[in-house]
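Biologist: I would like to learn how to read a model like this one. Please take me through a few features, with the general idea before the case.

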Amino acid sequence: MEKRRKIWKKILALGLAAVLWMPAVGGGPVRTRADVSSDASRYNDDPLHLLYPTKVEDQSFYNYCWAYVANSVLETYLKKSGRALQADFSESDMIQCLSGKYGFTNLNQGGSFRQAQAYWTRGVQFGPVRQEDGVQMDYYVSATTELGKYDYDNANSKQVYLEEIKSLVTRYGAAGVSVYFDAASRAKTTKNGAYYYPEESTSSVNHGVVVVGWNDKYPAQSFSNTLTAQSRPRADGAFLVKNSWGAADASSIGGNTGYYWISYENYFQDAFAVTQVTERSRLCERIYETDYRGLSEYTKGESYSQIYALGEKPQKLTAIGTFVKAGASYRFFANGEELQNVGGLMGQSGWRTFFLPEPLSIEKEDATLELRVEVEGDQTAVPIAANAANEPEEENVCLKAYTIGTGQTSQRPTTPNTPTTPTVTVTGVTVAPSSCALHPGQSQSFLASVAGSGNPSQAVEWKLAGNTSANTTLKNGVLTVGSDEQAKKLSISASAMADLSKTATATVSVEQIVTSVPEQVALYTVTFLDGGEICKSQNVRYGEAASAPELIKDGYSLSWDCAFTSVTGNMLVNAVWTKQEDSGGQPDSPVAAIATINKNLYTCWRDGTAQYTKCKANNRITINIPEAIRQDDVTYIVTELKAKCASKNKKVRTVNIGKNATKIGAKAFYGCKKLTKVKIKSEKITSIGASAFSGIAKKASVYVPRSRLAEYRAMVRESGNKTARVRAYD
């Protein structure tokens, strides 16, 4: 009897397995299971038994990973939404169509998902083509979402970004992301398919992959990197990603899957997903457009428009397409009349097709259609189209009109074009940092995160309270304390736009800079620093002499008058040394302290400013020059980059210059041959020294604030660099 029961248990087990397993379309087996929330600690994390798998492709030695990533994201969306049991689109058709009359001139150097968006949304003769027979499909990508970048210096911003990627994967099947990943070095950065390259070693990207799942407990010890100082992640957790180096990639998981584990501690940017697909034949008969190459960047403005000549045939407007930004509100007008129930507040950034509730007839012969868009809530949300060099095409905006003949009808997209969206409930809001201290004139970025079920919008309403100065402002989460601010405490709040009753607050202490020592405080401890190391500590009374023999040998002596920028308790936190030869007169740039922070040398001054003096790590790939540094509990604003501070660094690829910089010294980055990206966050630069950027990579890009584009471009050119692209960002 017992033997019979065992036999039946085996039969039932085999039968259950037959129910749970079925062959995957175009690949290995797939295990069917219900979707789970993005809050789950693991999801779709077995590369051999995946939800919605699509074929692993091989881009070979071409720089077309962007096309393979984009097609994979679209194919996965179609499977998840029930639109297709299998989908395999042609990357070569996408590339060829983007290289013609209205294409790009430099696709062989790489691209991004925005090139694919241009292909998916172009006129009716374009769109996804089936790989096997070249047949154009009726799919029109009518909506996408993109996450942009997180704040590199804000850990909470990175965590929110990772959670948003997870949300895209669970809702739409997959998310494309950009990372730093070289095929040539994969053996040194990968261990058994687990890839790690710490974000502190680079904040640049050069490759695209597709996130399909994750495991928050994937062990950190499974990673190994022999190229960087940090060889493995500090914490567990990784995404499961599909690559485009072929299924036979020996470095991938198992040596034959084409999938990788990629640590959460890598740098990610430009995450995106397809969120809606519509049949072209139902959407329109004609597409009127001038933005053939898609989006280049967003710029400032409150409105934008485009005029189209429709010809003699009477037509009806069915929809309008444009790029939008999260947190901005859009109103649409056709020939001067506002379109009702179209537009509104956007919860996510990306491409949107706005469907009219009823087609709008344009009956006149030789009719002209003027589309106008008004934007509120974000003054940097006007989408500028790209030119052939993938740079902004002035006066050309991303705005399309979709029409049909007067005898035709159109249909709005219906299920299953978009996966079912659960009811949205907001449970709370958090703001990071929750508290901080700033001096007048300083700025701080705050990040708000909206929690809840149903993937609530992350858009929030910011408010500022307690300020006495009109120059103290809070815009899009960035607090700037006015130089004349007298309040000691400021309060900022963020309320969820999806539920304004859910609010979080943060407190800011305003610390006035002390330029003299209160006489009632008599005893101080003077700490002398030399190269960041404490060389002497001495208790003294105000007015008494103090000395640091270790520095005198280097030609410096200690002076006492007006030697304080801040006093904390009984601690003198800013002593002043002057050169001995200048001690009889006014000191020339008196040194307050020399601080070594993250292998970078800073010189701090008595007025509360600091100079980025030297990069001490010649193997550094990314140099981040912050807005301020903190030394012995004192904050110093970094305003200057010293001449030759990183000259002839052989490894550096990316430089980020903080918001308080006012001067870049001569030959600051001279001869940095691998330097391809410079981002200047400051709007205060007054001079760039001779040859500051000479000898960097020939095709380098210098990104500058849009408000100073013309001036900074002239400074870069006058400094001696005639080839770097100087581009604006918002």
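Modeller: What follows goes through confidence, a sheet, one lysine and some aromatic rings.
This is a predicted model, in which local features need pLDDT of at least 70, side-chain atom pairs count only at pLDDT 80 or more, and totals for chains, interfaces and linings use all residues. Residues are numbered from 1 along each chain as its sequence is written, and side-chain values use heavy atoms, with hydrogens and water left out.

Biologist: What pLDDT does the chain average?

Modeller: pLDDT is the predictor's confidence in each residue, from 0 to 100. The chain averages 79, and 79% of the residues score at least 70. Confidence is lowest in strand S1 (residues 21-23), with a mean of 27, and highest in strand S9 (residues 238-242), at 97. Strands are DSSP runs of E with at least two residues, numbered from the N terminus. Over residues 1-35 the pLDDT stays under 50.

Biologist: Which order do the strands have in the open sheet of three?

Modeller: Two strands pair if DSSP finds at least two bridges between them. Here the order is S13-S21-S22, and the pairing is antiparallel. Strands S13 (295-299) and S22 (392-397) are the edges, each pairing on one side only. Strand S21 (residues 382-386) pairs with S22 over two bridges, and isoleucine 384 stands opposite valine 397 in S22.

Biologist: Where is lysine 502 found?

Modeller: Lysine 502 lies in strand S32 (residues 499-510). For accessibility, buried means under 20% relative accessible area, exposed over 50%, and partly exposed in between (1.4 Å probe, protein chains only). Lysine 502 counts as partly exposed because its relative accessibility is 24%. A contact means heavy atoms within 4.5 Å. Leaving aside residues up to four places away in sequence, lysine 502 touches several residues, including Val426, Gly428 and Ser495.

Biologist: How many aromatic pairs does the structure hold?

Modeller: A pair of aromatic rings is described by the distance of the centres and the angle of the planes. Rings of Phe, Tyr and Trp (its six-membered ring) pair if their centres lie within 6.5 Å; planes under 30 degrees apart count as stacked, over 60 as edge-to-face and the rest as tilted. The structure holds 24 such pairs. One of them joins tyrosine 288 and tyrosine 308, tilted, with 6.0 Å centre to centre and 50 degrees between the planes. Tyrosine 288 is in strand S12 (residues 286-288) and tyrosine 308 in strand S14 (residues 303-311), 20 residues apart.

Biologist: Are tyrosine 288 and tyrosine 308 buried or exposed?

Modeller: Both are buried.

Terms used
Helix = DSSP H or I, 4+ residues; strand = E, 2+ residues; numbered from the N terminus.
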